[in-house]
Number of protein chains: 2
Amino acid sequence: MKEFSIIDHFFKQRSYQRKDVLIGIGDDCAVGKVAKGQNIAITTDTLVKGVHYPHDTSARAIAHKAVAVNLSDLAAMGAEPAWISLSLAMPESDPAWLEEFSLGLQEISEYYSIQLIGGDTVQGPLTVTITAQGFIPEGQALTRSDAKPGDALYVTGTIGDAGLGLDVVQNKLRIPVQFHETICDRLNYPTPRVLVGTMLRRVASACIDISDGLLADLQHILDASSCGALINIDKLPLSQAMLESVDAEASLNYGLTAGDDYELLFCVPEDKIANMERALLNANTAFTCIGQMTGQAGKLEMQFNKQPFVFSGKGFEHFSG
Amino acid sequence: MKEFSIIDHFFKQRSYQRKDVLIGIGDDCAVGKVAKGQNIAITTDTLVKGVHYPHDTSARAIAHKAVAVNLSDLAAMGAEPAWISLSLAMPESDPAWLEEFSLGLQEISEYYSIQLIGGDTVQGPLTVTITAQGFIPEGQALTRSDAKPGDALYVTGTIGDAGLGLDVVQNKLRIPVQFHETICDRLNYPTPRVLVGTMLRRVASACIDISDGLLADLQHILDASSCGALINIDKLPLSQAMLESVDAEASLNYGLTAGDDYELLFCVPEDKIANMERALLNANTAFTCIGQMTGQAGKLEMQFNKQPFVFSGKGFEHFSG
């Protein structure tokens, strides 16, 4: 099948339609309209087979994850997602794979009301790059750089599950059968915290999504905000599946260092905590205070039941070593 | 070298700075401001080693070309380029290659006053994806779909040179030594027709850039505009280098079917021709009228010295066969 037919058949016809897209797939560029008073947030993420997902991951999951990781970046910025572009490199045109991939893309696009506005399909090793655009009211972007000593440190959902899921699908570990699906879904079908991101505008002083692991991503906030942080390890939100599958040390290791959870990690000044908690409860989102920001720039301290806690592991890094 | 260091060292510090970028590289997303009365044009193109450029292409040329092909899409839409995002997959972190690549990116960014606003570097087979954003005054996008029978058909510059260059660097062909550099530069350092694109707003009825070959790209205009076209083959603008390097038949073949020239192909209603020609002359841009649009939807006719001309070749297609 030729490139133009691929884009038309699998992507254009299935694309969710938004009114702010003036020209969608099919011309040299897409053209969109940004509403008055809105800034545009832009992010790009690439998934490579065998690096960002296991070799046997389904095309539907790859499509979901490729979009979800970008929506998670938008959420961490407080942006409402709007448009995505796809670059898809494939060794060969495989209609069955494309069918499943494009349905996965359609599912998540419809769920979040985002439109696929452009695409490039090329021949090459399987690589999926999504660029996503979203909107933020002027001046309300959630950066990493405004955390202050004394701010409370929060995380949404539970952490470490995707890392546990990766070890499960790679047969490094067996877990009770009743948790298998939940844990693998956490790896393959991450949930970007889109609604929470928009609710944290003008509330959170700093925000990031956990893609590389709690410690690694918190370090970005510390560096950007010139703050330190104290984490209460005993407060880390670990799932029932995690706690019943591995021992305490392993669960902390997953919770502190495993990537790919796409939960939000954010700081809230004391006077905004009550409003924030009320809003997130109303939105039915789980969240946990895991510590607070301190004045020692770059310094990360940990406590377990109020005793100092030393952790020797480290977060995930591309090109490490 | 670690991912964050790569982005910071090679890309962030060398990035051209624009005032409409509120947040650049270094947070979860970039955030930009679209001026009142402007629409935003978005395009994505991926270059794969060995598919879109020969294996021994320099990192500087790869960077130039990856950006240029996207700016060419913006130009074909009439958009003024503004921001680019980079996704770079590399088998391993190679500082010498990155140094050259990032300098190439810096050169073209400064030339066109565009800012690199975000990047993702991942481990994987060498693949470069650029997403570019540009601005167009509301309602002035140059589509492919408004050509009318009787409109004159124009092309900028000369065509076929990049295809000739590809055969030269792949040692399929030898050309006179004095043309070698020019022809290889046409392949490796294509010039996106950015200024011309903006000048054609409200003048051209349809516009496309020649990436897949004149015939293939013209066909997109015919399909989108439900028109036909008559090309005067004897009018095709072929370079001196082309004419002195290969015979007449080969030169026509390159001119009609070779991709990668990134010249603009556009249609102009009769009452706008004089203004258009004056503007492009003032801008010191070569352009040639190669035919006109006709009423037979989808039909492409050719003449050579006013005699019917039949051509059997075809344009470049990804996933052909």
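1. Helix H4 (residues 161–169) of chain B and helix H5 (residues 177–188) of chain B pack at about 110°, and their axes are 7 Å apart. Axes here are lines fitted to C-alpha atoms, for helices over the stretch in contact, and angles run from 0 to 180 degrees between N-to-C directions. Helices (H or I, at least four residues) and strands (E, at least two) are DSSP runs, numbered from the N terminus.

2. Before going on, please note that this is a predicted model, in which local features need pLDDT of at least 70 and side-chain atom pairs count only at pLDDT 80 or more, while totals for chains, interfaces and linings use all residues. Residues are numbered from 1 along each chain as its sequence is written, and chains are lettered from A and ligands numbered from 1 in the order in which they are written.

3. Back to the two helices: on the H4(B) side, the residues that meet H5(B) include Leu164(B), Leu166(B) and Val168(B), and their partners in H5(B) include Ile183(B) and Leu187(B). Contact means C-beta atoms, placed from the backbone, within 7 Å.

4. Another helix pair in chain B is H2 (residues 59–76) and H3 (residues 95–112), packed at about 35° with axes 7 Å apart. H2(B) contributes Ile62(B), Val67(B) and Leu71(B), among others, and H3(B) contributes residues including Trp97(B), Phe101(B) and Tyr112(B). This contact has 13 nonpolar, two polar and two charged residues. Ala, Val, Leu, Ile, Met, Phe, Trp, Tyr, Cys and Pro count as nonpolar, Asp, Glu, Lys and Arg as charged, and the others, Gly among them, as polar.

5. Chain A has two domains: domain 1 (3–27 + 37–137) and domain 2 (152–306), with bounds from an automatic or database domain assignment. Their centres, taken over C-alpha atoms, are 26 Å apart. In chain A, 18 residues of domain 1 contact 19 residues of domain 2. On the domain 1 side of chain A, H2(A) gives the largest share, 11 residues.

6. Finally, the two chains meet through 53 residues from chain B and 53 residues from chain A. On the chain B side, E3(B) gives the largest share, nine residues. That side divides into 24 nonpolar, 18 polar and 11 charged residues. Strand E2 (residues 30–32) of chain A pairs with E3(B) in the antiparallel sense over three bridges; pairing requires that DSSP finds at least two bridges between the strands. Val31(A) stands opposite Ala41(B).
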